[in-house]
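The plan is to look things up one at a time and jot down what turns up.

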Amino acid sequence: MNWYVYCGWFFAGAFLANAIPHVVQGICGNRFQTPFASPPGVGESSALVNVIWGLFNFAVGGGLLHAAFPPELPPPWGLCIAGLAGASAMSLWLAHHFGKVRRAAPHP
């Protein structure tokens, strides 16, 4: 299998992992950080913006999976591991970043 298929699955995992907190926070009606806030990634956007951003991430991740999906089912383990690696990398980076943002925020 070509290297770009593994890259597609890696980034699909990253986009799909990023979609989850935005959709969940938005559906719950909570404000949450997005790239559109001021400052980007630190300020909070409305619940509606978070749902839209999360759905966009789901669409990109799903599109990458669709474009790079192998003809056989189930997908080879290597692709599954690449997707999991992308999801893990994004999840760990987001946990680190938002942990710093939340710790620096003033507490009422």
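Predicted model: local features only at pLDDT ≥ 70, side-chain atom pairs only at ≥ 80, totals over all residues.

Entry 1: The areas come from the Shrake-Rupley method with a 1.4 Å probe, and for residues only the protein chains shown count as cover. The elements giving two or more residues to this patch are α1 (3-27) and α2. I checked F58 by itself: F58 lies in helix α2 and is partly exposed, with a relative accessible area of 34%. My cut-offs: buried is under 20% relative accessible area, exposed is over 50%, and partly exposed is in between (1.4 Å probe, protein chains only).

**Entry 2: ground rules.** Residues are numbered from 1 along each chain as its sequence is written, and side-chain values use heavy atoms, with hydrogens and water left out.

**Entry 3: the overall layout.** I counted 3 helices and 2 strands in the protein chain. From the N terminus on, the order is α-β-β-α-α. Helices (H or I, at least four residues) and strands (E, at least two) are DSSP runs, numbered from the N terminus. The C-alpha atoms fill a box of roughly 55 × 25 × 20 Å along the principal axes. Of the 108 residues, 35% are buried. The accessible surface comes to about 6,700 Å², and 74% of that belongs to carbon and sulfur atoms. I also looked at contacts (heavy atoms within 4.5 Å). Among those with a separation of 6 or more, 65% are between residues 24 or more positions apart.

**Entry 4: helix α1.** Does the length of α1 agree with its residue count, or disagree? At 1.5 Å a residue, its 25 residues should span 36 Å, and the end C-alpha atoms are 37 Å apart, which agrees. The expected span is 1.5 Å times one less than the number of residues. Buried residues of α1 include V5, W9, A12, H22 and V23. What do the buried residues of α1 pack against? I found β1, α2 and α3 (77-104). As a reminder, an α-helix has 3.6 residues a turn, so residues three or four places apart point the same way. After α1 comes G29, whose phi is positive, near 85 degrees.

**Entry 5: rings.** I found 6 aromatic pairs in the structure. Rings of Phe, Tyr and Trp (its six-membered ring) pair if their centres lie within 6.5 Å; planes under 30 degrees apart are stacked, over 60 edge-to-face, and the rest tilted. I picked F36 and W53, an edge-to-face pair with 5.0 Å centre to centre and 90 degrees between the planes. F36 sits in the loop between β1 (32-33) and β2 (44-45) and W53 in helix α2 (residues 47-67), so the pair ties together parts 17 residues apart in sequence. Are these two buried or exposed? F36 is exposed at 55% relative accessible area, whereas W53 is buried at 17%. Ring pairs also link F36, W53 and F56 into a cluster.

**Entry 6: charges.** How many salt bridges are there in the whole structure? My search found 1. The rule is a side-chain nitrogen of Lys or Arg within 4 Å of a carboxyl oxygen of Asp or Glu. The side chains are those of R102 and E44, at 3.9 Å from N to O. R102 is in helix α3 and E44 in strand β2, so this pair links distant parts of the chain, 58 residues apart. R102 is partly exposed at 38% relative accessibility, and E44 is partly exposed at 36%.

Entry 7: Most residues other than glycine have a negative phi, and most peptide bonds are trans. I still found a cis bond from S38 to P39, with omega near -10 degrees. P39 is in the loop between β1 and β2. Another cis bond joins L73 and P74, with omega about -10 degrees, and P74 lies in the loop between α2 and α3.
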